Amino acid sequence: MTYKETCDYLFNQMPAFEHQGASGYKEGLDTILALDEHFGRPHKKYHTIHVAGTNGKGSTAHTLSAILQMCGYRVGLYTSPHLVDFSERIRVNGVPISESYVVEFVEAERAYFEPLHPSFFEVTTAMAFKYFAEKDVEIAVIEVGLGGRLDCTNIITPLLSVITNIGIDHTQFLGKEPEQIAMEKAGIIKEGVPVVIGEAAGDIRTIFESVAAEVHAPIVFAEDHSQVQDLERMPGGKQQYRTADFGIITGELIGEFQVKNTNTVLCVVKQLEKMGILCEQPCKKGESCMNREVKEGFLKVCELTGLKGRWQTVSKAPHVVCDTGHNISSWEYLSQQLKEIKCDHMHIIFALLGDKDHSGIMSLLPKNATYYFTRVNNKRALSENVLKIYAAEHELQGDGYADVAAAYEAAKSAAGEKDFIFVGGSNYVVAEFLKNCI
């Protein structure tokens with residue numbers, strides 16, 4: 001098989017939640033445990049950090065990977081979904097898995113795994129764990145796919161667990177109440193393994209404290225140890241943070257939500273320092289080497305890890321930005337970000353999956369914009385015509401377009417140099433935008 005044929009096989013021949021929704025979701029750990037046993041339990045050959053959460057887990061995982069790389073570690077990074085190419089999911093020191101490895105893995109192992117009827121994510125996870133072992137990584141940062149307790153990444157016993165936050169998403173699998181979702185994500189908390197919680201309050205905090213106590217896991221709430229003391233947006237599209245223990249940090253990732261992510265990451269760094277994974281060493285300039293490497297990790301996270309789609313600027317005249325935020329929690333931040341944009345007029349290319357809270361999200365969208373409703377190539381996607389109907393209920397006006405490329409061409413034609421174009425609503429609209437329009 002060619003690489004394209006192999007990717008098509010993985011996507012089309014196995015249940016894949018990302019494309020099929022509920023019919024592609026497979027919970028439980030039996031299959032991944034069988035695959036892991038078959039490959040000789042590769043995840044036990046290196047250290048891991050496990051990252052879960054409703055929002056921010058991708059940015060957090062990539063930033064941690066960048067910092068660890070700057071500190072000299074050989075780092076594996078497993079994230080999902082990809083935006084442009086399958087290989088983005090599995091990286092070593094920022095370099096994507098090779099096309100030849102993906103092809104050879106499937107050709108060599110399909111006779112074993114096909115009778116197990118694994119999901120797309122189970123096969124991909126097994127591939128990542130095996131690849132990391134063969135590439136001699138020292139630490140792998142593993143992002144949870146969905147939930148936590150029954151996610152197939154949850155066979156690992158990490159050095160440290162991270163839960164960024166709890167929001168309403170994937171309610172058909174995780175529960176409709178925040179407390180139910182918190183219990184699912186708390187499932188990654190392991191016996192005696194420290195856990196950092198990015199943000200949690202009230203009953204959510206109590207749930208995390210209770211689960212951690214049951215398994216004797218030291219728990220730290222990043223909100224209780226606020227590292228980020230002040231934020232300043234810098235010319236050129238970066239954010240500068242004044243921090244409690246790391247001095248001034250310039251972040252390559254921008255957006256309101258990155259303040260929370262930054263605080264969580266710095267809290268994780270402090271825990272890794274206590275564990276001896278990151279070490280303070282004096283430097284001639286009066287600053288510890290670790291501080292310097294942490295700063296470099298924040299400043300170069302996209303370059304070091306290949307991260308895309310987080311308030312990513314792709315053009316400046318007109319100003320064009322895309323962002324993968326796709327649920328209520330993320331749009332609470334994105335809506336504030338959009339309000340701060342100074343432009344002559346705003347154009348929003350928007351698509352949404354049918355299993356999201358469309359009414360809640362649309363209630364947060366700016367009304368003083370022109371909308372370009374579109375659909376993505378995904379069975380879960382709402383059509384542009386359905387989106388227009390829902391949008392009218394929230395006084396959002398615009399036309400429908402059959403695909404993202406057509407919507408972008410229309411927005412570009414209508415926009416002046418001082419206008420602003422935003423592309424978002426789903427990971428998949430950003431993926432198609434970056435693949436087909438840039």
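Two strands are taken to pair if DSSP finds at least two bridges between them. Helices (H or I, at least four residues) and strands (E, at least two) are DSSP runs, numbered from the N terminus. The model is predicted, so local features need pLDDT of at least 70 and side-chain atom pairs count only at pLDDT 80 or more, while totals for chains, interfaces and linings use all residues. Residues are numbered from 1 along each chain as its sequence is written, and side-chain values use heavy atoms, with hydrogens and water left out.

In strand S11, isoleucine 249 is the bridge partner of tyrosine 241. Strand S11 belongs to an open sheet of 3 strands with antiparallel pairing, ordered S9-S10-S11. Its edge strands, S9 and S11, each pair on one side only. Helix H10 (residues 257-274) packs on this sheet and touches S9, S10 and S11; its direction makes about 45° with that of S10. Contact means heavy atoms within 4.5 Å; axes are lines fitted to C-alpha atoms, for helices over the stretch in contact, and angles run from 0 to 180 degrees between N-to-C directions.

A further open sheet has 6 strands in the order S12-S13-S17-S14-S15-S16, with mixed pairing. Strands S12 (312-316) and S16 (397-401) form its edges, and the twist averages 20° from one strand to the next. Histidine 347 stands opposite threonine 370 in S15. Helix H17 (residues 427-436) lies across S12, S13, S15 and S17, running at about 120° to S17.

| Strand pair | Sense | Bridges |
|---|---|---|
| S10 (residues 238-243) and S11 | antiparallel | 4 bridges |
| S14 (residues 346-350) and S15 (residues 369-374) | parallel | 5 bridges |
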